[in-house]
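Work through the exercises below with the model open. Try each task before you read its solution.

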Amino acid sequence: MDKVRFGIIGIGNIGTVHTRYLLAGEIKQARLTAVCDNNPEKHPAIKQMVGDAIPLFSDAQEMLDSGLIDAVIVATPHYAHPTLSMMAMRRGIHTLCEKPAGVYTAQVEEMNACARECDVVFGIMYNQRPNPLYQKVKDLIDSGELGEIRRSNWIITNWYRSQSYYNSGGWRATWKGEGGGVLLNQDPHQLDLWQWLVGMPVRLRAFCQFGKHRQIEVEDEVTAYAEYANGATGVFITTVAETPGTNRLEIVGDRGKVVVENGQLQFWRLRESETAFNARWDKGFGEPECWQVQVPVGPECSDHQVITANFTDAILHHTPLIAPGLEGIRGLTLSNAMHLSTWTDDWVTLPLDSQRYLALLQQRIAHSQEKQVVSRTLDASGSW
Ligand SMILES: NC(=O)c1ccc[n+]([C@@H]2O[C@H](COP(=O)([O-])OP(=O)(O)OC[C@H]3O[C@@H](n4cnc5c(N)ncnc54)[C@H](O)[C@@H]3O)[C@@H](O)[C@H]2O)c1
């Protein structure tokens with residue numbers, strides 16, 4: 001194989017983005033050879049975009065069985081991600097799944113077990129992982145430069161979404177159609193980066209507000225507090241109803257502090273660790289000497305095609321994946337745990353009891369109602 005033949009399932013907002021860069025030949029060793037969308041109303045527009053040479057399917061299984069594709073991007077609403085991904089993997093088709101990996105971890109555990117059995121490359125579209133800002137934070141942590149982590153705070157409130165956004169798709173922001181709100185749709189990138197950088201907590205307590213600012217069933221505002229095995233703590237704050245919003249990640253280690261905000265990384269480095277300073281300092285007031293360090297950060301590269309290109313290289317050349325599909329369960333575990341903590345008004349200890357979560361989610365699904373679509377227009381930024 002010198003070029004990977006791609007199919008895409010779900011040609012909505014993000015499926016269209018994937019279609020366009022593949023059609024434009026932006027990934028040299030990949031080409032688009034089939035597309036699929038199960039909504040026939042969308043077919044004329046999709047045909048217009050891809051032309052007659054690329055077959056358009058209504059049924060995902062037919063496309064997967066067609067022999068036309070080596071790899072697939074699953075870009076449907078979240079609930080279908082694990083089902084369609086497993087359908088592809090069982091046919092030996094390399095699978096790149098959109099975020100979130102699924103809606104509830106029990107379903108994603110099954111998908112991960114399937115991926116381990118099938119000899120395919122399995123990736124997840126975490127296109128913020130290659131962002132040089134977060135790459136550099138990871139480097140500072142993994143190299144020990146920041147010291148042992150003590151505290152992390154992420155305020156991610158610049159996901160402003162109006163009521164008309166929610167009214168644009170019946171599946172959006174319902175327990176039945178989407179299985180969550182800001183945590184499931186907008187925050188999966190930050191939840192993944194949070195765990196990728198500071199690891200998974202041992203327990204968390206969260207306060208989700210459901211339909212507080214918007215007429216939706218699911219959460220539109222969340223504050224969560226997490227505790228880690230080494231005693232570190234973390235806070236995650238998010239909403240879709242605040243403007244102007246903030247996107248500020250602050251991580252404090254024994255040797256300094258890093259802040260990512262407004263597209264910039266700031267790093268304060270202690271000359272000696274806080275632990276060492278505290279052990280030797282005998283003059284009452286005083287603090288360790290601190291240097292603000294200019295850390296070089298590469299140019300922005302968090303486009304989706306970076307992940308698709310890396311996934312293509314993994315298929316052709318065994319290049320390590322930037323975002324392995326098996327890791328998708330971690331961010332989802334955090335969001336499921338935040339729901340569960342709110343529903344039970346209690347701490348949630350990890351590993352998550354995935355069956356308990358599913359049982360409580362099903363209760364909400366039973367009373368969930370898909371919205372009437374009153375507006376079909378979404379601006380180009382879609383749901384991300
Ligand atoms: N990585 C990112 O930055 C990013 C950005 C946007 C969306 N997403 C994710 O992508 C997914 C889709 O989001 P969207 O905003 O594009 O949604 P959308 O509603 O605009 O598009 C989904 C498309 O999938 C089609 N579809 C649904 N079920 C199908 C099936 N079984 N077979 C074939 N087609 C099917 C629908 O007809 C629709 O055209 C979501 O999970 C979302 O979280 C990721």
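Predicted model: local features only at pLDDT ≥ 70, side-chain atom pairs only at ≥ 80, totals over all residues.

**Exercise 1. Helix packing**

Find the angle at which the axes of H5 and H13 cross, and classify the pair.

Solution. 
Step 1. Locate the helices: H5 covers residues 105-117, and H13 covers residues 354-366.
Step 2. Compare the axes. They come within 8 Å and cross at roughly 130°.
Step 3. Classify. Angles over 145 degrees count as roughly antiparallel, and 65 to 115 as roughly perpendicular.
Step 4. List the contacts. H5 contributes Thr 105, Ala 106 and Glu 109. H13 contributes Ser 354, Gln 355 and Leu 358.
Step 5. Sort these by class: the contact has 2 nonpolar, 3 polar and 1 charged residues.

**Exercise 2. The ligand shell**

Describe the surroundings of the ligand: how many residues surround it, and which side chains make polar contacts with its oxygen atoms?

Solution. 
Step 1. Count the shell. The ligand is surrounded by 27 residues. Asp 37, Lys 42, His 78, Glu 98 and His 304 are the closest.
Step 2. Check the polar pairs. Among them, the side chain of Lys 42 places an N or O atom 2.7 Å from a ligand oxygen. For His 304, a polar side-chain atom lies 2.9 Å from an oxygen atom of the ligand. For Trp 171, the distance from a side-chain N or O atom to a ligand oxygen is 3.1 Å.
Step 3. Alone, the ligand exposes 860 Å². The protein buries 91% of that area.

**Exercise 3. Backbone exceptions**

Inspect the backbone at Pro 100, Pro 351 and Ala 173, and place each residue in the fold.

Solution. 
Step 1. Recall the background. Most peptide bonds are trans, and most residues other than glycine have a negative phi.
Step 2. Take Pro 100. The bond from Lys 99 to Pro 100 is cis, with omega near -10°. Pro 100 sits in the loop between strand E5 (94-97) and H5.
Step 3. Take Pro 351. The bond from Leu 350 to Pro 351 is cis, with omega near 5°. Pro 351 belongs to the loop between strand E15 (348-349) and H13.
Step 4. Take Ala 173. Its phi is positive, near 60°. Ala 173 lies in the loop between helix H7 (163-166) and helix H8 (182-185).

Definitions and conventions. Residues numbered from 1 in each chain as written. Heavy atoms only, no water. Axes fitted to C-alpha atoms, helices over the stretch in contact; angles between N-to-C directions. Helix = DSSP H or I, 4+ residues; strand = E, 2+ residues; numbered from the N terminus. Parallel < 35°, antiparallel > 145°, perpendicular 65-115°, else oblique. Contact = heavy atoms within 4.5 Å. Nonpolar A, V, L, I, M, F, W, Y, C, P; charged D, E, K, R; others polar. Near = heavy atom within 4 Å. Polar contact = N/O pair within 3.5 Å; in protein donor to acceptor, adjacent residues only side chain to side chain. Areas by Shrake-Rupley, 256 points an atom, 1.4 Å probe, with all protein chains shown as cover.
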